[in-house]
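Hi,

Here is the structure I promised to pass on. Have a look at it first, and then read my notes below.

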Amino acid sequence: MEVFYYLVFGVMAAVVAALELSKTNKDRINTSSSFNSFKNNYLLVFSIMMAGDWLQGPYVYYLYSTYGFGKGDIGQLFIAGFGSSMLFGTIVGSLADKQGRKRACVTYCIVYILSCITKHSPQYKVLMVGRILGGIATSLLFSAFESWLIAEHNKRNFEQQWLSLTFSKAVFLGNGLVAILSGLFGNLLVDTFSFGPVAPFDAAACFLAIGMAIILATWSENFGDPSDSKDLLTQFKVAAIAIASGRFKVSVKTVDSKTSQYTLSPFIPSWTCIYLQAMFPHFSNTIYDDFSDEKIALLGAIQSLFEASMYTFVFLWTPALSPNDEEIPHGFVFATFMLASMLGSSLAARLMSRSSLRVENYMQIVFLVSAASLLLPITTSVLVTPSKVKDEGLSLTSSIQLLGFCVFEACVGIFWPSIMKMRSQYIPEEARSTIMNFFRVPLNIFVCIVLYNVDAFPITIMFGMCSIFLFVASILQRRLMVISEKPKAEEWSPMKERNSEVDPLTL
């Protein structure tokens, strides 16, 4: 293996170790012993869940190929997974809010274990079922666990700043250390012990079963909105309106003297409420309150843009580093990327520990840096003439790109705990899981399109598109920062005042 790989890996490991060991009291958050027990329990469960996910990732494509499936069939299987997450994600998210987040986490374990079992069959239809189950499980993994954590944290009256500590540790362990160890363990099972490509999936099922046992034994249940008055469709409507760019809460006194709440987008002219009152009796005695602005919509757009770029990068980094099919140590490069992600999460922990520094501020810089790092394949192709001859070692262009990709992965490490922090602030508790899965709908659509057309565009065009997405995310983050700094009274004027100012004939 080339010295350059060892050098990059060693430098990255040294920086991560230095950051962790050099933490001072200013970089640490003083917490209580009860919170530490709660945090450690969650981190243990989350790390086990992520181990069950990371063990499978590197071997899915390889397993399908050993069963004799070609690139087209494998692509369809992957599309089925993302499509399943898109179609069923909002449903399982709403059920998590309604039926309980603990039940949803247990359901994740069961569904993913069933998905692992299907990998033993070489039948295409069985594998397709496994991919659909895997897509459902992925939706639960990235919504139910975080929703449970935030609700339980608030229920136990812990300090809000302590959430950032749990988020950064979860990313440091789950998306960093556990990912590296899972890759090494999977390699041990497949290559060293020669158990075959299905062995990592069996190991993942064992980890998921252990994690499920811990959840059942130690977690309590919490809900978003457990009332019987909202069916699944109503929850979808509530989540969709919450994501709409701006909204007003409407308190309605019904004919039976009960009070219900509705939300209306400010894009709907305020005078249309008069027509609603005339058409629907339950809109009588309506009181309009000022509510939230477009923070939720901005947050969803930012998350979708960044994650779309991140998942596209996952497909593109291999051909970018080996344009002429050079032999590169994929596992070692992957471990290096995970180290870079750990570096980012360690930086995020320091940034979020400072109460004077807001997440909304520094994330603008993170998005700009990530956009610049994914421009490297374009700039290097312009400045350096691409070689069409297969190099024996890593070319200069690939070496520069590898460094840039490590910078992007460090930005990913900062992104995850930071977006979790902002979601905990802006997403309403009653529909948290539902809204978080709504955020993933455009992401899954985009990934399916990329998978379907991965060979249709040059790799530089794909990276350029990702860079544009990240630049747009920085602009939206700027907007989010500006409106989040405004006092609520300045953001909105009461609806009655707006009614008196608006001429219906001009709208």
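Some housekeeping before the details. This is a predicted model, with residues numbered from 1 along each chain as its sequence is written, and local features need pLDDT of at least 70, while side-chain atom pairs count only at pLDDT 80 or more and totals for chains, interfaces and linings use all residues. Side-chain values use heavy atoms, with hydrogens and water left out.

**Overall**

The protein has 20 helices and three strands. Both kinds of element are DSSP runs numbered from the N terminus (H or I over at least four residues for helices, E over at least two for strands). Of the 507 residues, 52% are buried; buried means under 20% relative accessible area, exposed means over 50%, and partly exposed is in between, using a 1.4 Å probe and protein chains only. The protein exposes about 22,600 Å², and carbon and sulfur atoms supply 65% of that (Shrake-Rupley method, 1.4 Å probe, and for residues only the protein chains shown count as cover). If you look at contacts (heavy atoms within 4.5 Å) between residues at least 6 apart in sequence, 85% join residues at least 24 apart.

**Helix pairs**

For the angles here, axes are lines fitted to C-alpha atoms, for helices over the stretch in contact, and the angles run from 0 to 180 degrees between N-to-C directions. Under 35 degrees counts as roughly parallel, over 145 as roughly antiparallel, 65 to 115 as roughly perpendicular, and the rest as oblique.

Start with helix α5 (residues 101-118) and helix α9 (residues 199-218), which pack at an angle of about 160 degrees with their axes 9 Å apart. That makes α5 roughly antiparallel to α9. The crossing of α5 past α9 is left-handed, a term for the near helix being turned anticlockwise from the far one by less than a right angle (clockwise would be right-handed). On the α5 side the contact includes Lys 102, Cys 105, Tyr 108 and Ile 113, and on the α9 side Phe 201, Ala 204, Leu 208 and Met 212 are among the residues they meet. By class, this contact of α5 with α9 has 16 nonpolar, no polar and one charged residues. The classes are nonpolar for Ala, Val, Leu, Ile, Met, Phe, Trp, Tyr, Cys and Pro, charged for Asp, Glu, Lys and Arg, and polar for the others, Gly among them.

Next, the axes of helix α12 (residues 295-321) and helix α16 (residues 396-426) come within 11 Å and cross at roughly 155 degrees. α12 and α16 are therefore roughly antiparallel to each other. The residues of the contact of α12 with α16 divide into 18 nonpolar, three polar and four charged. Here too you'll find a left-handed crossing, as α12 passes α16.

Then there is helix α15 (residues 376-383) with helix α18 (residues 459-485): their axes come within 8 Å and cross at roughly 135 degrees. That makes α15 oblique to α18. Pro 377, Ile 378 and Ser 381 of α15 make the contact with Thr 460, Phe 463 and Gly 464 of α18. This contact splits into three nonpolar, three polar and no charged residues.

**Single residues**

Glu 146 sits in helix α7 (residues 144-155) and counts as buried, at 6% relative accessibility. Not counting residues up to four places away in sequence, Glu 146 touches Tyr 42, Phe 167, Met 420, Arg 423 and Met 436. One of those, Met 420, lies in helix α16 and is also buried, with a relative accessible area of 11%. Leaving aside its neighbours within four places, Met 420 is in contact with Glu 146, Phe 167 and Val 171. The C-alpha atoms of Met 420 and Ser 168 are 9.1 Å apart, although 252 residues separate them along the chain.

Back in helix α9, you'll find Ile 210, which is partly exposed at 48% relative accessible area. Ile 210 and Cys 109 are 101 residues apart in sequence and 9.4 Å apart, C-alpha to C-alpha.

Finally, the backbone. Most residues other than glycine have a negative phi. Asn 157, in the loop between α7 and α8 (161-192), has a positive phi of about 60 degrees and is exposed at 69% relative accessibility. Ser 194, in the loop between α8 and α9, has a positive phi of about 55 degrees and is exposed at 56%.

Cheers
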